Amino acid sequence: MRFSAFARNSGIMLAAAAALVPLGAASVTAQQPAAQRHDTPLYRDAKAPVEARVEDLLGRMTLEEKVAQLLAVWQNKPEILDANLQFDAAKMSARYPNGLGQFTRPSDVKGAFSPRVVARHTAEQSVKLANELQHWAIEKTRLGIPLLFHEEGLHGFAAIGATSFPQAIGLASTWDPALMREINAVIAREIRARGVHLVLSPVVDVARDPRWGRIEETFGEDPYLAGEMGVAAVEGLQGSSDNLAPGKVFATLKHLTGHGQPESGTNVGPAQISERVLRENFFPPFEEVVRRTKIGAVMPSYNEIDGVPSHANTWLLTDVLRGEWGFKGAIISDYSAIDDLTNLHKVAASLEDAAVMSLNAGVDSDMPDGLSFASLTKAVREGRVSQARIDDATRKMLTLKFRAGLFEKPFADIAEARAVTNNAEARALALKAAQRSIILLKNDGMLPLAMPKGGAARPTIAVIGPSAAVARLGGYYGEPPVKVSILDGIKAKVGKNADIVFAQGVKITENDDWWADEVKLSDPAENRRLIAEAVEAARNVDQIILTLGDTEQTSREGWAKSHLGDRPSLDLVGEQQELFDALKALGKPITVILINGRPASTVKIAEQANALIEGWYLGEQGGNAVADVLFGDVNPGGKLTLTIPRSVGQLPMFYNAKPSARRGYLFDTVDPLFPFGHGLSYTSFDIGAPQLSQARIAPNGTVRVSVAVRNTGKRTGDETVQLYVRDKISSVTRPLKELKGFERVTLKPGESRTLNFTLDERAFRMWNDKMKRVVEPGEFDIMVGPNSVDLKSVTLTIAG
């Protein structure tokens, strides 16, 4: 890695910072001998163990300096900038005389103009700011402790110039952990190159309510799939070593927990979830990541569980996360969630009380501004918080900094940032990710479209809809240099061999900005005029490609009453259904492409369209990927990670229901519109019945399940073989099926392959009536298939 002039001088500055240690010696902790304070401190020795360095530094810190390491700055950025919005070290020292733990998102200047305006820095500006801040921390604070920066990186670095991949729900639809690992490695290097060492990703919330606007940020409704994708994402971001390697960043596992099934489907609503349901459905992906990776940080959720907000839940954060799962990293708050103990949940009378409650529950850092934790010095002196708890929280945050190598290499290099950001490799990976995310929900044989050959008989294709000429990226998006719309992708694909006509059809919202508070739907009368124009444009065409769905405003994180994002309906917003009806009446072949952040109950469209594609938000290369699928250069192989209901009245709806669920409705069906795991291909596959290595195992035994899969069609394609387990008789009720394995394979026409899955006790464990995790003897159905409905089974016996 190359370093700038700032970095080349870092050794001098670190030495200068070390020389500052004896200053104000009266405030240095008494147990440090005077002679030792004049020597090079142990915490400056890069060869010393991290634990020893942390303890040495901790022993030198005043109470005020320790508390400062638990704070961050975001909306107070104007207080440290000059009149030209440039960093002012003197202002920084005046505002934070004891140093500072974190600096929130150097890629933006939130609050510099208005508390609700996000103005983004270029790569050059953010690197300059990061380096100036590190110089301040190293040179101007007593102990020279570097800052820890964090950024958003859910599906790409949320910054100017960075690569934008499909939204998380789309990435999960690939059912491809190796690809997830590769994508997150690119996200990590683009973030790290700008001097940042912590990213607020991945989200492993199990999503069980599609009214919830944040469902797009998740990996879907299944705990096993969310866990596998979460592990892969963390491995891509962090790597596998204790300390960060070059190009890696610490991941933040979020949001612990119950966030994905809030009351009424509204963000931060109470999670009315029993301990059994928590342990069976919501805990598993978090536990998998904690046990299988070296995850750096965990973020609690905004919601309450059984009356206790997660940021004040000692059982959740200390007993379960640290005690049962053995988590050793830092627990960092969600933005203003500690303040919400006072402002929203009303379990604390003041921010000071909220700080005491949250810290004692296990939270180590107050983000994004440290408004509550700023009072902790006073709380310690009043005996409301122990010095030991402050030390422990500070220890966790310092450990991240040492493991990140910040004391040795704190500076960023703009040349490095330019070289690795949105380069050819990253753009190619964004295209691959989009191609593998696309789900073919329905096809009557119309797709793939024949590639036009041009000439006098060249076809005319209408590309219509609110997402045809714009590339929608989804929430927490960045600003990639190039975004390819579906219209642009189709034009590039067919060139002059077809005539392409475009019509808006309808406009969904007046402003598509995810960050903006107000959401104003477009005028229905104006939309009906646009529908009439679209009908005329399509009247004489050969094919209609229609895009429908959401904008980034109609389904998103509702982080305040002034910034809502959840909806009580699953129907398409506005006049989109009218647009489909009018175009369908023309009698033309019609393919509908859904570009959205959550499932839509498109019952009529699913019945009447010739083909239906779920794209979610496909990232910067989405238009090219859609064109590749439409014209057969790519065979779609994505699978749903959510059950798509027929209507909101079916909620809650998820595949792993209990035996007594869904007895039936008068006048309607309990069947979903599309089941979990569903996704079609341009070819066909035969998946054989599962074969067991042995029909009987001990409770702690293992069994190999072999499954033969064959491409019986005429095209190379992908199939994802899914393995489900059911406990046939149990002491407490168990789901009808639970995903316990999957593998996506590519097969040529006529090619066969045998896949092998190994199931151990983890696949059969349950929480019994005494809330003990056990494997109960008995018979289990082992089921395999292409989705959660069309399954073949065999019986396995677990001996007593």
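This is a predicted model: local features need pLDDT of at least 70, side-chain atom pairs count only at pLDDT 80 or more; totals for chains, interfaces and linings use all residues.
Let me begin with how the chain holds together over distance: of its contacts with a separation of 6 or more, 77% are between residues 24 or more positions apart, a contact being heavy atoms within 4.5 Å. Residues are numbered from 1 along each chain as its sequence is written, and side-chain values use heavy atoms, with hydrogens and water left out.

Now the overall form. The radius of gyration, taken over C-alpha atoms, is 27 Å, which agrees with the value near 28 Å that a compact globule of 800 residues would have; the rule behind that expectation is 2.2 Å times the number of residues to the power 0.38. Along the principal axes, the C-alpha atoms fill a box of roughly 85 × 70 × 50 Å. Of the 800 residues, 63% are buried, meaning under 20% relative accessible area with a 1.4 Å probe and protein chains only.

As for secondary structure, the chain has 23 helices and 25 strands, where helices are DSSP runs of H or I with at least four residues, strands are runs of E with at least two, and both are numbered from the N terminus.

With β24, residues 778-785, the arrangement is antiparallel, and seven bridges join the two strands; Phe 780 stands opposite Leu 796 in β25, and a hairpin of six residues connects β24 to β25.

Finally, I would like to look at one residue in a helix, namely Leu 398, which is found in α16, residues 387-403. Is Leu 398 buried or exposed? Leu 398 counts as buried, because its relative accessibility is 0%. Leaving aside residues up to four places away in sequence, Leu 398 touches Val 54, Leu 57, Leu 58, Met 61, Gln 69 and Ile 145. Ala 379, by comparison, is 19 residues from Leu 398 in sequence, and the two lie 21 Å apart in space, C-alpha to C-alpha.

Technical notes:
Buried means under 20% relative accessible area, exposed over 50%, partly exposed in between (1.4 Å probe, protein chains only). Two strands pair if DSSP finds at least two bridges between them.
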